[in-house]
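Welcome, and please load the model in your viewer. We will go from stop to stop, with something to select at each one.

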Amino acid sequence: MVQGEEKQEEAMSFWEHLDVLRGSLVRMVLVTVICGLIAFLFKDEVFSIILAPKYDDFIVYRLFDRISKGLTGTGTSHFSVQLVNTGLAQQFIIHMKTSVYVGLLFASPYILYLLFRFVSPALYADERKYSVRVVTWGYVMFLLGVLLSYFLIFPLTFRFLGTYQVSEDVTNLITLDSYMSTLMTLNLAMGIIFELPLLCWLLAKLGLLKAGLMKRFRKQAFVAILVVAAIITPTSDAFTMLVVALPVWLLYEASILIVKHAYREKVF
């Protein structure tokens, strides 16, 4: 930002700042709505991706099948899970909710850009540099968490629970609403959890967190991770909890290395 613009920014009143914020919020909502409408119109393409983990030819299942054939000579068993709808308007409501979710996901880079552009004039040059790094890595880590959930955690959870039977006389009929709520909850939860290394990095930069402290409370952290995994998992089974807890534990261990590297450096 040039010097003239900085002076103009400093001279802006509270109401002028509020007007700028309102304009940014309007653009955020507008872009999200447009992306959501596009997702709504491309229903077949969107739901072919969302429903892909329910088929036994999903990429993760085929990968595990190849690994099983290489190790034991026999592949994994095929499975079939049927989704059913139990509400008159449920499919349309799910279509609407999914479109909003996808629209927000695709609009999020622009939303982050507008938020950063709004707050950046109040930051010093070095603060602005670290802010760009934080926003960029925060978004990347969130996407990595969503992708891990979609390609690994949710498929393993769905295959295990969707095919689990207490008796052959009992057939599993999974509702579409249950499928979607589990998928969305896991994706969102893993996206947020993947911000852990970034949060630890920020605390280390500010001198509020040390690697030694994290190592000392490693056992307590493991118990806390199990508790959090039990809370955020939409299903109440131990299998899903462990599938979620394992990558979180790996993130914690990675965060120790990040904190150890970043602690002595100063942000401001």
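## First stop: Ser-99

Select Ser-99: beyond the neighbours within four places in sequence, Ser-99 is in contact (heavy atoms within 4.5 Å) with Gly-36, Ala-39 and Phe-40. Ser-99 sits in helix H5. Helices here are DSSP runs of H or I with at least four residues, strands are runs of E with at least two, and both are numbered from the N terminus. With a relative accessible area of 5%, Ser-99 is buried; buried means under 20% relative accessible area, exposed over 50%, and partly exposed in between, using a 1.4 Å probe and protein chains only.

Some notes before you move on: this is a predicted model, in which local features need pLDDT of at least 70 and side-chain atom pairs count only at pLDDT 80 or more, while totals for chains, interfaces and linings use all residues. Residues are numbered from 1 along each chain as its sequence is written, and side-chain values use heavy atoms, with hydrogens and water left out.

## Zoom out

Now colour by secondary structure, and you will find 11 helices and two strands. Along the sequence they follow the pattern α-α-α-α-β-α-α-β-α-α-α-α-α. Of the 268 residues in the protein, 34% are buried. Among contacts with a separation of 6 or more, 81% are between residues 24 or more positions apart.

## H3 against H5

Next, show helix H3 (residues 43-50) with helix H5 (residues 90-119): their axes come within 11 Å and cross at roughly 85°. The axes are lines fitted to C-alpha atoms, for helices over the stretch in contact, and angles run from 0 to 180 degrees between N-to-C directions. H3 and H5 are therefore roughly perpendicular to each other, the word used for 65 to 115 degrees; under 35 counts as roughly parallel, over 145 as roughly antiparallel, and the rest as oblique. To see the contact, pick Lys-43, Val-46, Phe-47 and Ile-50 on H3, then Ile-94, His-95, Thr-98 and Val-102 on H5.

Apart from neighbours within four places in sequence, Met-180 is in contact with Phe-47, Ile-50, Ile-94 and Thr-98.

## The nonpolar core

Which residues have the most contacts inside the largest nonpolar core? They are Tyr-179 and Met-180, in a core of 51 residues. Such a core is a set of buried Ala, Val, Leu, Ile, Met, Phe, Trp, Tyr and Cys residues joined through side-chain atoms within 4.5 Å. Helix H11 (residues 238-262) gives the most to this core, with 10 residues.

Stay on H11 and select Lys-260. Lys-260 counts as exposed, at 57% relative accessibility. Not counting residues up to four places away in sequence, Lys-260 touches Ala-211 and Lys-215.

## The aromatic cluster

For the last stop, select Phe-58, Tyr-61, Phe-79, Tyr-150 and Phe-151, which ring pairs link into a cluster. Rings of Phe, Tyr and Trp (its six-membered ring) pair if their centres lie within 6.5 Å; planes under 30 degrees apart count as stacked, over 60 as edge-to-face and the rest as tilted. The structure holds 13 aromatic pairs. One of them, Tyr-61 with Phe-79, is edge-to-face, at 5.1 Å centre to centre with 90° between the planes. Tyr-61 lies in helix H4 (residues 59-72) and Phe-79 in the loop between H4 and strand S1 (82-84), so this pair ties together parts 18 residues apart in sequence. Both Tyr-61 and Phe-79 are buried.
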